[in-house]
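Student: I would like to go through this model with you. Could we begin once it is on screen?
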Amino acid sequence: MSTLNLTLKIWRQAGPEAEGKIETRKAQNIPIEASFLEMLDIVNQQIIETGGDPIHFDHDCREGICGMCSLTINGVPHSKEVGTTTCQVHMRKFNDGDTIFIEPFRANAFPVLKDLVTDRTAFDRIIASGGYIDVRTGSAPDANSVPIPKEQADWAFDAATCIGCGACVASCKNSSAMLFVSAKAAHLNSLPQGQPEKDKRVLSMVRQMDAEGFGNCTNQYECEAACPKLISADNIAKLNRDFAIASVKEAVAMV
Amino acid sequence: MNSSLQFISTFWSSSIGKKIVVAITGLILTLFLAGHLSGNMLIFVGEHAFNEYAYFLHHMLHGAGVWIARIVLLTALVLHVVGTVQLTKMNRAAGQSYNTDGTQRSSFSSKIMIWSGLTILAFIVYHILHYTARVGNEFNNPEKYEIMLDGHVAHNAYKMVIDGFSWLPASIFYIIAVTLLCSHLSHGVASIFQTLGLRTNKTEKLINTGAQVYSILIWVGFVSIPVSVLLHLVK
């Protein structure tokens, strides 16, 4: 079994108000079969055994579908592997003797809680502002009772694969949440069920996004490159278009 | 009236609204460049054609045309600059930097937009003082620059351009500014389509290539003038 010896440069921060710093730590005998998070588990086990404070990081499903894991690995959220979450990055992608920088997802709208754990509830508030549809409660409708063209269903599905991890914000030079908001809006806006509240949804979600202190999109598409679900920046163009239309409609309604 | 003011204020204060204003004003300024360049190219046709064109610009719609254009362009410029400076400030306030640079896709031009833009702004001020207001030079002196053109008194714009660019520092600043303009356009023109929601995955390549080609054409066209003057190809 091959193993790696690595030097980790990890962001340590005791709490939200505390000053953080990069801590250098050796990671010895890491099996190449380990995932990135398992590598951190091994390091943490050693820290715990010597009575230290383990490195705090977010994780949940560890199978790339929940959006809970984060980490910026060598400056890239979820590492430079294309379309991969941190939990699905394996140590075989690294070489023996590598130095790896591990930092939290950085954005003022995502404050650090401890070490590598950030508060991403700003995304929840954006969803609560309009990322839903109002439906009657009761039994689920029959499948295919609402006909949707295949192409449209595919487009909506692609947008819906966003797991809301926040890598788009973390990779953006301006900490903009446009890829997340546009994917969530496009998912519902391109389906018949989302039509009645389309304009209201776009305006509310964009306004909530602005209120949370995210930056503005400068069309550099770092988000698209970092996204573990390969969400397309075409969604951003669609959000811009839908926002312009909704704004004009709102203005006409005001007069 | 009150509600339309309210709409403008809400639209301007939203992130996407402000960007749409920047995109539309950017489009106006981009189209102006194409017009400005085609007119300027008449310098290679000859003195008569160029001066006739200058005379036409100043006298179309009984002299009102040039002022309408100036007001539209100045408004577009002010909105474009104020909008982008405000957006840049917000972006700086929203972000934090990493200890290692993980940039994957951003082009060099996209990263220097605010600096290329502000240099172009400084150049525009200089360019207007140089050739429009004609401050600190003799271009307004009727003895040197007044000619008879098809039976009426006209300004010798052709001679003004040649004299203006014969001074090396002016030409160097001009070439630097146009080079930054080319960089600004290579990211800006493609961004117009994205911000106005006109880009899709099918048109992405076409739009990016079109923006590059357009910015190179603008560079070659504008730079050819001072270079030709300095090399005495136009005299």
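Student: What percentage of the 235 residues of chain B count as buried?
Tutor: In chain B, 28% of the 235 residues count as buried. A residue is buried if 20 or more other C-beta atoms lie within 10 Å of its own, exposed if 12 or fewer, and partly exposed in between, with C-beta atoms placed from the backbone. This is a predicted model, in which local features need pLDDT of at least 70 and side-chain atom pairs count only at pLDDT 80 or more, while totals for chains, interfaces and linings use all residues. Residues are numbered from 1 along each chain as its sequence is written, and chains are lettered from A and ligands numbered from 1 in the order in which they are written.

Student: And what percentage of chain A is buried?
Tutor: For chain A, buried residues make up 45% of its 255 residues.

Student: What secondary structure do the chains have?
Tutor: Chain A comes to 8 helices and 7 strands, and chain B has 10 helices and 2 strands. Here helices (H or I, at least four residues) and strands (E, at least two) are DSSP runs, numbered from the N terminus. In chain B the order from the N terminus is α-α-α-α-α-α-α-β-β-α-α-α.

Student: What are the spans along the principal axes?
Tutor: The C-alpha trace of chain A spans about 65 × 40 × 35 Å, and that of chain B about 60 × 50 × 35 Å.

Student: How many residues does each chain put into the contact?
Tutor: Chain A gives 41 residues and chain B gives 35 residues. Two residues are in contact if their C-beta atoms, placed from the backbone, lie within 7 Å.

Student: Which element of chain A supplies the largest share of that side?
Tutor: Helix 8 of chain A does, with 11 residues. By class, the side of chain A that touches chain B divides into 17 nonpolar, 15 polar and 9 charged residues. Ala, Val, Leu, Ile, Met, Phe, Trp, Tyr, Cys and Pro count as nonpolar, Asp, Glu, Lys and Arg as charged, and the others, Gly among them, as polar.

Student: How far does helix 8 of chain A reach?
Tutor: Helix 8 of chain A (residues 234-254) has 21 residues and reaches 30 Å from its first C-alpha to its last, close to the 30 Å expected. The expected span is 1.5 Å times one less than the number of residues.

Student: Which of its residues are buried, and what covers them?
Tutor: The buried residues of helix 8 of chain A include Asp234(A), Ile236(A), Leu239(A), Phe243(A) and Ser247(A). Their cover includes helix 3 (150-160), helix 5 (178-189) and helix 6 (198-211) of chain A, together with helix 1 (2-13), helix 2 (15-40) and helix 9 (168-195) of chain B.

Student: What about helix 6 of chain A, how long is it?
Tutor: Helix 6 of chain A has 14 residues and reaches 20 Å from its first C-alpha to its last, close to the 20 Å expected. Among its buried residues are Arg201(A), Leu203(A) and Met205(A). Helix 8 of chain A and helix 2 of chain B are included in what covers the buried residues of helix 6. Gly213(A), with a positive phi near 85°, follows helix 6 of chain A.

Student: Changing topic, where is Arg106(A), and why does it count as buried?
Tutor: Arg106(A) lies in the loop between strand 5 (99-103) and strand 6 (112-114) of chain A. It counts as buried because it has 21 C-beta neighbours inside 10 Å. Leaving aside neighbours within four places in sequence, Arg106(A) is in contact with Thr72(A), Ala170(A), Gln96(B) and Tyr98(B).

Student: How is chain A divided into domains?
Tutor: Chain A is divided into domain 1 (3-113) and domain 2 (120-254), with bounds from an automatic or database domain assignment. Their C-alpha centres lie 29 Å apart, and 18 residues of domain 1 are in contact with 18 residues of domain 2.

Student: Which residues touch the most other members of the largest nonpolar core?
Tutor: In that core of 100 residues they are Cys168(A), Val169(A), Leu179(A), Phe180(A) and Val181(A). A nonpolar core is a set of buried Ala, Val, Leu, Ile, Met, Phe, Trp, Tyr and Cys residues joined through C-beta atoms within 7 Å. Helix 9 of chain B gives the most to this core, with 11 residues. Domain 1 and domain 2 of chain A both give residues to this core, so it lies between them.
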